[in-house]
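Here is a protein chain to look at together.

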Amino acid sequence: MKTTADYRKHAAECRALARGTHKEDECRQLLKMADAWTLLADEKELSRTTYPELTRRAEKEAADKEAAERRAAERAAARS
């Protein structure tokens, strides 16, 4: 599960790429992407404070899924 820090990092990367391009259309698109990542981060922060129980449940489900995938990969590697 992505964190707000992940979303903000993606936004910063898009802005850095926008500064590095000389093509106006690419710059505009990258800045739109940066705005979208920032909006996702803002919305996630808002939902975290508004619905903390849902956030905790989603984070637990994501952690459980990651753990199950990791165990499955370890079992597959052990059989190889």
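Leu 30 is buried, because its relative accessible area is 15% and buried means under 20% (exposed is over 50%, partly exposed is in between, all worked out with a 1.4 Å probe on protein chains only). You'll find Leu 30 in helix H2. A helix here is a DSSP run of H or I with at least four residues, a strand is a run of E with at least two, and both are numbered from the N terminus.

Before going on, a word on where this comes from: this is a predicted model, where local features need pLDDT of at least 70 and side-chain atom pairs count only at pLDDT 80 or more, while totals for chains, interfaces and linings use all residues. Residues are numbered from 1 along each chain as its sequence is written, and side-chain values use heavy atoms, with hydrogens and water left out.

So what does Leu 30 touch, not counting residues up to four places away in sequence? Leu 30 touches Cys 14, Leu 17 and Ala 18, where a contact means heavy atoms within 4.5 Å. Glu 59 is another story: Leu 30 and Glu 59 are 29 residues apart in sequence, and their C-alpha atoms are 29 Å apart in space.

Is Arg 8 buried or partly exposed? Arg 8 counts as partly exposed, because its relative accessible area is 32%.

**Helix H3**

Now move along to H3. Thr 55, Ala 62 and Ala 67 are buried in this helix, and what covers the buried residues of H3 includes helix H2 (24-50). Ala 67 is buried with a relative accessible area of 18%. Ala 72 also lies in H3, but this residue counts as partly exposed, because its relative accessibility is 32%.

How long should these helices be? The expected span is 1.5 Å times one less than the number of residues. For H2, with 27 residues, that gives 39 Å, and the end C-alpha atoms are 39 Å apart, so the two agree. For H3, with 28 residues (52-79), the rule gives 40 Å, and the end C-alpha atoms are 41 Å apart, which agrees.

**Where H2 meets H3**

Two packed helices are described by the angle between their axes and the distance between the axes. The axes of H2 and H3 come within 5 Å and cross at roughly 110 degrees. Axes are lines fitted to C-alpha atoms, for helices over the stretch in contact, with angles running from 0 to 180 degrees between N-to-C directions. H2 and H3 are therefore roughly perpendicular to each other; that label covers 65 to 115 degrees, while under 35 is roughly parallel, over 145 is roughly antiparallel and the rest is oblique. The contact is made by Ser 47, Arg 48, Thr 49 and Thr 50 of H2 together with Pro 52, Thr 55 and Glu 59 of H3. These residues divide into one nonpolar, four polar and two charged. (Nonpolar means Ala, Val, Leu, Ile, Met, Phe, Trp, Tyr, Cys and Pro; charged means Asp, Glu, Lys and Arg; the others, Gly among them, are polar.)

**Some distances across the chain**

| Pair | Apart in sequence | C-alpha to C-alpha |
|---|---|---|
| Ala 67 and Arg 15 | 52 residues | 34 Å |
| Ala 72 and Arg 19 | 53 residues | 43 Å |
| Arg 8 and Ser 47 | 39 residues | 16 Å |

**Stepping back**

The protein chain has three helices and zero strands, following the pattern α-α-α along the sequence. Its radius of gyration is 18 Å, well over the 12 Å that the globule rule gives for 80 residues, so the chain is more spread out than a compact globule. That radius is taken over C-alpha atoms, and the globule rule is 2.2 Å times the number of residues to the power 0.38. Taken along the principal axes, the C-alpha atoms fill a box of roughly 50 × 40 × 15 Å. Buried residues make up 18% of the 80 residues.
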